[in-house]
Amino acid sequence: MRTGARQGPEIWIRGPVATAPVPDPSPVSSRTVRRFSWVGTHGGAGVSTLATVYGGQDCERAWPGSDDPQSVLLVARTHATGLACALHALELFRRGEAPVGLDLDAVVLVADAPGRLPRPLAQRIRLIESVIDVYRVPWVPAWRLGDLSGRPPRGTEALVRLTAAVR
């Protein structure tokens, strides 16, 4: 042994050395696209329109089934009844009364009319925003006429990113 040179401990390997498994060379996207189930909190919330424009499963007003994506986006209109229904649905999740295994991701509020919201409705929306992420969808005149062929409306880029809509 030389003086001044440091040596580590001797390691003896018995038997063959296992090699690490080689990863599958198939191309895999670096980003996983998450699928969502749109659930309306009341009739006329806009679930079918949103599912058509942004992708995902249209569950109408029912909880997702076992074959549907378990990530839920609750949908409501911005009128008083719609916001009350959204708050009720949030309360079901809070109390644990929603089906087991569902993951509530956000609330999507669809404008019930063009223009600014009255103050009492804006206050209810702030209440909802204090407990969960909220995405707002503006009034789209073309949707009222049944034309869903265009791009998602301006101001909904965050919702497009969330749903990974490809148009």
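Reply: Two strands are said to pair if DSSP finds at least two bridges between them. Strands (E, at least two residues) and helices (H or I, at least four residues) are DSSP runs, numbered from the N terminus. The model is predicted, so local features need pLDDT of at least 70 and side-chain atom pairs count only at pLDDT 80 or more, while totals for chains, interfaces and linings use all residues. Residues are numbered from 1 along each chain as its sequence is written, and side-chain values use heavy atoms, with hydrogens and water left out.

On one side of the account stands strand β3 (residues 71–77), which runs parallel to β4 and is joined to it by 7 bridges. Within this pairing, valine 110 of β4 lies opposite arginine 77. Together with helix α2 (residues 80–94), β3 and β4 form a right-handed β-α-β unit. Right-handed here means that, with the strands pointing away from the viewer, the path from the first strand over the helix to the second runs clockwise.

β4 also pairs with strand β5 (residues 134–137), in the parallel sense and over 4 bridges. Here leucine 109 has arginine 136 in β5 as its bridge partner. The chain passes from β4 through helix α3 (residues 119–129) to β5, and this β-α-β crossover is right-handed.
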